[in-house]
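Please keep the sequence and the model in view while reading.

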There are 4 protein chains.
Amino acid sequence: QRSRDLGIAPGVLQPGKLNAITDVPGVLVGQFSLIEGTDIRTGVTAILPHGGNLYQHKVPAGLYVANGYGKLSGISQIRELGELETPILLTNTLSVPQAMEAVIGWTLKQPGNEQVVSVNAVVGETNDSGLNDIRKRAVKAEHALKAILSARAGPVEEGAVGAGTGTIAFGWKGGIGTGSRLLPEKLGGFTVGVLVQSNYGGILQMDGLPVGKTLGQYYLKGALDSDKADGSIMIVVATDAPLSDRNLTRLAKRAVAGLARTGSSFTNGSGDYVISFSTAESVRRTPERRSEVSTIAELPNGLMSPLFQAAIEATEEAIYNSMLMATDTRGVRSATGQASQVKALPLEAVKQMAEQPVSY
Amino acid sequence: QRSRDLGIAPGVLQPGKLNAITDVPGVLVGQFSLIEGTDIRTGVTAILPHGGNLYQHKVPAGLYVANGYGKLSGISQIRELGELETPILLTNTLSVPQAMEAVIGWTLKQPGNEQVVSVNAVVGETNDSGLNDIRKRAVKAEHALKAILSARAGPVEEGAVGAGTGTIAFGWKGGIGTGSRLLPEKLGGFTVGVLVQSNYGGILQMDGLPVGKTLGQYYLKGALDSDKADGSIMIVVATDAPLSDRNLTRLAKRAVAGLARTGSSFTNGSGDYVISFSTAESVRRTPERRSEVSTIAELPNGLMSPLFQAAIEATEEAIYNSMLMATDTRGVRSATGQASQVKALPLEAVKQMAEQPVSY
Amino acid sequence: QRSRDLGIAPGVLQPGKLNAITDVPGVLVGQFSLIEGTDIRTGVTAILPHGGNLYQHKVPAGLYVANGYGKLSGISQIRELGELETPILLTNTLSVPQAMEAVIGWTLKQPGNEQVVSVNAVVGETNDSGLNDIRKRAVKAEHALKAILSARAGPVEEGAVGAGTGTIAFGWKGGIGTGSRLLPEKLGGFTVGVLVQSNYGGILQMDGLPVGKTLGQYYLKGALDSDKADGSIMIVVATDAPLSDRNLTRLAKRAVAGLARTGSSFTNGSGDYVISFSTAESVRRTPERRSEVSTIAELPNGLMSPLFQAAIEATEEAIYNSMLMATDTRGVRSATGQASQVKALPLEAVKQMAEQPVSY
Amino acid sequence: QRSRDLGIAPGVLQPGKLNAITDVPGVLVGQFSLIEGTDIRTGVTAILPHGGNLYQHKVPAGLYVANGYGKLSGISQIRELGELETPILLTNTLSVPQAMEAVIGWTLKQPGNEQVVSVNAVVGETNDSGLNDIRKRAVKAEHALKAILSARAGPVEEGAVGAGTGTIAFGWKGGIGTGSRLLPEKLGGFTVGVLVQSNYGGILQMDGLPVGKTLGQYYLKGALDSDKADGSIMIVVATDAPLSDRNLTRLAKRAVAGLARTGSSFTNGSGDYVISFSTAESVRRTPERRSEVSTIAELPNGLMSPLFQAAIEATEEAIYNSMLMATDTRGVRSATGQASQVKALPLEAVKQMAEQPVSY
């Protein structure tokens, strides 16, 4: 069940129709889950800002690194040029090269890209070695390509799927989750959509409910193991608001506030990244706009705040969805090769907490 | 009453003896409240990393800007050199120059500084124009100097005092607050202390309790006024752990996670800053260490995570203290000159929420 | 004599009419030199992006810190919002507060700013303590105000004037210098203007001429004194090209390449800063554009390169002008109180080098 | 011939014994040139900070991005943790994934790394599509592995070799170049070594000699083609000085000043990156030092300046070497598939300019 169905609906704004990143018009998501034998539990998730030639019709983009113990590729070019020219792929830590290879190959082959000699592949990752024998590097470029090719609009599969097949969050099964917020017309009427790959730790709270403490599973419990909260999260934020790359970077930063509210401990070993982009036609960097002085739309700084609130809320809910939609998963711990099992959050217990009568 | 006395004790770690930034040995705090007539409600708060000659015995320091709509001085030098050479002063937005003047003057006069010709004054601010006629720029260098000179160890006055005399948070009275965490020996035994000047908005939640929603006062309520959550927060983080300036910057970043958990909306008009420093003798930049290759202590990256959790928790609690210890305040709205009044958080209502019986 | 008159004309592009920052339409410069007794040799230089209400009609702005051992105020807000809302003032290191006070006071008093309660004063500095008794903090807010009020279009006074009254560069007299480049129509027809306050060191070369080595005055000469190249430079870059704040920051970064070509050693004690802004009406942040989604002009990334080259060249030439137009100056060394004298570059020797017959 | 042999010896400091990055004790360089048919002209260059297990014995590292239009991998982790845990590989733009794959595979296989599940592969690139059919992505992981395995101390091959096989600089043949500076004992006695992969443009000057203008080949010549200076440079800086990661980042920044002095135009399409590291045992992050509070050595800020000057000079000379040691090369232009040829700098002409009698 999704978070909202359990009565966990963080924030004050309303979600979009699907409560998914695909509520932002044009955004496509594709996933490929790679499950083989007892030891391969991994995959790839692809997010496409639009269905056209992304290289020729670039989108303005922002980026924020909350903790940089991770391997996200493409960072400097996004920052320098303020734009995205490929799909965003998510996968596991050691398979970033194979996913980049797929992005580059796919881009070179798109009609109209025959003379392209430079591609900024953007591939993020979290480390699924708790369930997946990551050292085998099972993900190949062809798998990543399947994720790209399967991208479509509409509902997004959540939980133990795609790049979230083998991830773990707060000691329970993590995975892919999504959420959105639709601003009222008075605040601009824009949509903000978020997709996450959750694989981190801390002291889980869900819209204020002390889930981790109550269920007795949290970082620093008994101060026995100071590092078991390690892990990472990749967050992708899409919006149809006409934002500059600077304001997209600011928007990306807000997603981390949503992450903080779930109880993340932002440990040393965490790779916490946010990539954001705008799908608005009025800011798209078309071949025409890239060849001369042109006019573009811009939402001014002073009107950004409601979008910030939307990004915070959608991220928080996307994370809850990533966990609540996940299922018990068996695999191996890559470092040792031993079998491992990770349970999904116990829905009944969470539901009971959410439905606790309080007379506020 | 302080947060913990009301049963609001965020996190899993224990506070230090005073639950204050002054739990970090050596740290001194001084405050000067400037209250004149019906329209001046402002002041200065000074934090000294130690009681010696700060310019000669510099401390390693970090800095993080969550949202940069603010006037914190001294930013680039802290980042470039990774150190602090003066007290940190907090005041109101338009009085930063006068406070800098005091810091410079005080530093030039310290014995041993007779040949000093460069001083990096670090002065932060939030905008108290909702209660204080800020355009009058009532704070003078002499007032700021009094804050420095009154700095001492021990308990820190909280609420509507010093730089928090006229600030507002979540629509209630904000102010100065402090908190700390003491790590168990197993995790290093270090202390992390935090002091905040709260003046921002969002949707207040206190350790998960939906205070803002319950009391009907929060950002975007009715979507009528998209900017009323604006405002800022200054956060100062001290520790006795022997940290490099890089790891101090990482520690500073974590304070923002504590801020996020209180329900901040991180609006466009917010100036959200964190300055952090280490008081450890083993990393202090003494004249000797600054003159040749020397050996310094360093807590490695891999042992930082418990400190990160401590900074998150101490910040969250310091913010609650800043509000719960504040009192109803009358003043004027500077932009219009009209009288204004800001209520403190209703303690009874908060207490009732905190004591709500739940059977988790 | 100016650099170009001596035959030192770096680069391949042509200067504007005045070869000054004021070639960028609308830019105003004002200066106030404070010379008192034998020990006060300092001043203030003000650069105004336009003659209107700067606070209400903000200009997009960029910022780059090459080495951050300096006290430039206003950094975080320029970066966060990508804009400038006040004049830029330059002065000496310890007088930044007084200059900020003037900027704030002046801004509050501008017609239309009656309700303004927040001002981001941007004040840069270099340390003129080699000729000026900087510890006396002789510059007062009233002096800084005079610089603002005297701002005008047209030729800019260079050398030992305004904020350059007491500065030293490469061991010779430094000061204020300016330069510009006008791109041919084919490359956009835009103007880039630069103003510098030079106060740094290294191994002076002028358009490739080994001036420092030839005249026997340079950093690390004999490896006797490892710090005598310390010092700083403030660089202001103006353009009428319609640039985003991101591309203005990139433009600012290029100014440092011009600085590098003069032989700067970028020492530890250097505060090397660049602030850039666009005066184009089509990107100005007017009250209208700041209140709703609007359309603004934008020069795309792909057309930036000629502007980059222009910024490099104009900066290099502005620095030469700052030195070649300076005159011998007597004052005191602030740290010791002893008399000091700094010679201007020997024009004849430089001229002779520049006119050396070579058969390339 | 190398730069110094032609009389072009920039700066005032002396080079190390080899005038190469390998003058820094422990540093190893390996190269693999991939030349196939008429259209493949590319390769890989590997730099190893030391010959031990780099993952277990990490080295402190810094990073600077002068212009970020490039695909350097591993950026965020270097910045977050301040360290390097793999060799640095350089190759062509579209082959970054294959080189990363080699780095990851090689690292996983090192004795002692059997439980490693996370590797931060650092691979830089420049675009050799002017001579190499880059779209074919001819470089495979096995080629990159050969570069790593062939790494050794001693002289470094320069010019059209390894990752420099197909690069172009200032319209002439670029490639791999190296240089070093050895500080006198009085300044610390440290060595700074630099290796570059040159592939950029501008207006070439060599230690002040106007080579580009004199030979009539430079950016914006005739203002006909505003983009032909595009291209990139990768710079690797090694030192045996015991530097913190912060000071290594500052050192990296100085390399760009050396680049500026060669006449780079820092165009929009340029990817200009510097990675720096320290080989000093006293700062190495050994398993012991990474497991508890330890003491490390640190050269203080105030003693950095001579190292800065060394980095500037060594970079400048490394670039000259990369061009002067290169040879005429034929290949194809990847975007069009047409044959192309790039000439090396005419040594005689350069020599003549360098030997021009001047009576300074």
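1. In chain D, D:Glu317 and D:Arg4 form a salt bridge, their closest N and O atoms lying 2.7 Å apart. A salt bridge here is a side-chain nitrogen of Lys or Arg within 4 Å of a carboxyl oxygen of Asp or Glu. The pair links distant parts of the chain, 313 residues apart: D:Glu317 belongs to helix α6 (residues 305-324) of chain D, and D:Arg4 to the segment before β1 of chain D. Helices (H or I, at least four residues) and strands (E, at least two) are DSSP runs, numbered from the N terminus. D:Glu317 counts as buried because its relative accessibility is 0%, whereas D:Arg4, at 26%, is partly exposed. Buried means under 20% relative accessible area, exposed over 50%, and partly exposed in between (1.4 Å probe, protein chains only).

2. The model is predicted; local features need pLDDT of at least 70 and side-chain atom pairs count only at pLDDT 80 or more, while totals for chains, interfaces and linings use all residues. Residues are numbered from 1 along each chain as its sequence is written, chains are lettered from A and ligands numbered from 1 in the order in which they are written, and side-chain values use heavy atoms, with hydrogens and water left out.

3. How many salt bridges does a search of the whole structure find over all chains? The search finds 48. One of these joins D:Glu158 to D:Arg2, with 2.9 Å between the closest N and O atoms. D:Glu158 sits in the loop between α3 (141-149) and β7 (168-169) of chain D, and D:Arg2 in the segment before β1 (28-36) of chain D, so described as a link between distant parts of the chain, 156 residues apart. With a relative accessible area of 8%, D:Glu158 is buried.

4. Another salt bridge connects the side chains of D:Arg284 and D:Glu281 (3.5 Å, N to O). D:Arg284 is buried at 8% relative accessibility, but D:Glu281 is exposed, with a relative accessible area of 55%. In chain A, a network of salt bridges links A:Arg4, A:Arg181, A:Glu313 and A:Glu317.

5. Chain C contains an open sheet of six strands with mixed pairing, in the order β4-β3-β12-β11-β10-β9. At the edges stand β4 (83-84) and β9 (176-182) of chain C; each has a single partner strand, so one side of each is left without a neighbour in the sheet. Two strands pair if DSSP finds at least two bridges between them. Strands β3 (residues 59-68) and β12 (residues 271-278) of chain C are antiparallel and pair over seven bridges. C:Asn67 has C:Asp272 in β12(C) as its bridge partner. Helix α6 (residues 305-324) of chain C packs on this sheet and touches β9, β10 (191-199) and β11 (232-239) of chain C, its direction making about 150° with that of β9(C). Contact means heavy atoms within 4.5 Å; axes are lines fitted to C-alpha atoms, for helices over the stretch in contact, and angles run from 0 to 180 degrees between N-to-C directions.

6. Chain A has an open sheet of four strands, ordered β1-β2-β5-β6, again with mixed pairing. Its edge strands, β1 (28-36) and β6 (122-126) of chain A, each pair on one side only. From one strand to the next, the twist averages 15°. β1(A) and strand β2 (residues 40-48) of chain A run antiparallel and are joined by nine bridges; A:Leu28 stands opposite A:Leu48 in β2(A). Helix α3 (residues 141-149) of chain A lies across β1, β2 and β5 (88-92) of chain A, at about 145° to β1(A).

7. Most residues other than glycine have a negative phi. A:Asn19 is found in the segment before β1 of chain A and is buried at 7% relative accessibility. C:Asp207 also has a positive phi, near 50°. C:Asp207 lies in the loop between β10 and α4 (211-215) of chain C and is partly exposed, with a relative accessible area of 26%.
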